[in-house]
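Here are my notes on the model you sent. Please read them with the structure open.

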Amino acid sequence: MGRNVVALIVALGFAIVAVGAQQDGCSSELPASLSGNYSSLACKTVWNNFVLRYYQDQDNVLSIVLSTMYSSGWVGMGFSKDGMMVGSSAVVGWVGTTGLPHIQRYYLGGQTSQQVQVDQGNLLFAAATPSVVVDQAKIYLAFQLKFSARLSQQQLLFAIGSATPVNNVLQEHDDKTSVSFDFSTVVTLRSKLSSDSGKTATFRQLTVHDDKSDGTSSSSSYPSKLKRTHGALAIFGWGVLLPIGAIVARYCRQWDPLWYYLHTVIQFMGFLFGLAAVIAGRVLYDKLHATVYTHRGIGIFVLVLGILQILAFFLRPNKDSKYRRYWNWYHHWFGRLALFFAAVNIVIGIRIGDAGNSWKIGYGFNLAILLTASIILEVLLWTRWSNKNAPAF
């Protein structure tokens, strides 16, 4: 099992490097096709994985790039007078069933599809052609709006729907929120930069950390805290305890039966923490209805493998049983699969959860420690075996 453990952790190291390299949130670069008209934008995560990049110039033209995780359906951003849907105007983007991108203005006259009118409302596109780009499982809605006066505090609506629009007809959203956003913040900071340096062209990206522009309504701190709890439980259970338990079973057998008791206790604790992470993830999904099908599917698969490992403990045959080698094969390979897919899913979770570099570095450091320990212990184990089996002269 030793070489398999080392190979497994090496593979996980490559996985986190590959996925971690795809930065998310305000730290990520825009797709190259958007860099021309949208290269100098302030940025803020406004809701779940929704990231809003924006800039308002002196002619009251508001440049917007809205991005979020995407697999299918539609994504929308609305401007409201009172934070309510009815009576507001919105920009909605999606990729059609033929693979072509679409972006349209809508007037939200009611809560039915017939009352949501395309090419209507109070929003007016500016000179730049609006566009939709899908890149690395994220959708970007890029557009410019012309207003008669400068925007300051504005009620914004964000929504996502899983049904792909047909003939520009929107189906009901799966989730939505309303936030109060202050567009004047970036104007002040950008103007100050211009007056101090005189070189606005050098301004690349500004991240605004202003609590005043945090969401109201359903945009509370509860989902964020639950998301962090879900991630911490998953990393500690599936990513720390369970790999340590596997290492104990491989390299500590000379301390029989202590290794077995340690292995059992650590694995049970790891499974309990992992189960708590799954429960937290389920509650989070019910709250957000996020389109994270891959992450959710792998999580369910890993949970099933974990349950099968627990059953293996109770079905463990005696050492002299003829079924013992089949049990060993089942226990070892199902365990390896669980560890591998759990680690991959942790990396995916860090990515789609927009967790930031601290989570990526922390989990990468954890994998590095496991890899280093496994290599050292494997070398020592093979050295002992070589000495033990060396011919006597």
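1. Two strands pair if DSSP finds at least two bridges between them. Helices (H or I, at least four residues) and strands (E, at least two) are DSSP runs, numbered from the N terminus. On that basis, Thr45 stands opposite Val51 in strand 2. Strand 1 and strand 2 (residues 50-56) run antiparallel and are joined by 5 bridges. The hairpin has 2 residues between these strands, and Asn48 takes a positive phi near 50° there.

2. A word on the basis. The model is predicted: local features need pLDDT of at least 70, side-chain atom pairs count only at pLDDT 80 or more, and totals for chains, interfaces and linings use all residues. Residues are numbered from 1 along each chain as its sequence is written, and side-chain values use heavy atoms, with hydrogens and water left out.

3. Strand 1 (residues 41-47) is mostly covered, with 6 of its 7 residues buried. Buried means under 20% relative accessible area, exposed over 50%, and partly exposed in between (1.4 Å probe, protein chains only).

4. Met77 has Phe158 in strand 10 as its bridge partner.

5. Helix 5 has 22 residues and reaches 32 Å from its first C-alpha to its last, close to the 32 Å expected at 1.5 Å a residue. The expected span is 1.5 Å times one less than the number of residues. Its buried residues include His295, Gly299, Val302 and Gly306. Phe313 also belongs to helix 5 (residues 293-314). Phe313 is partly exposed, at a relative accessible area of 32%.

6. How many salt bridges are there? The count comes to 1, where a salt bridge is a side-chain nitrogen of Lys or Arg within 4 Å of a carboxyl oxygen of Asp or Glu. Glu378 lies in helix 7 (residues 357-389) and Arg250 in helix 3 (residues 222-251), so the pair ties together parts that are 128 residues apart in sequence. The N to O distance is 3.3 Å. Glu378 and Arg250 are both buried.
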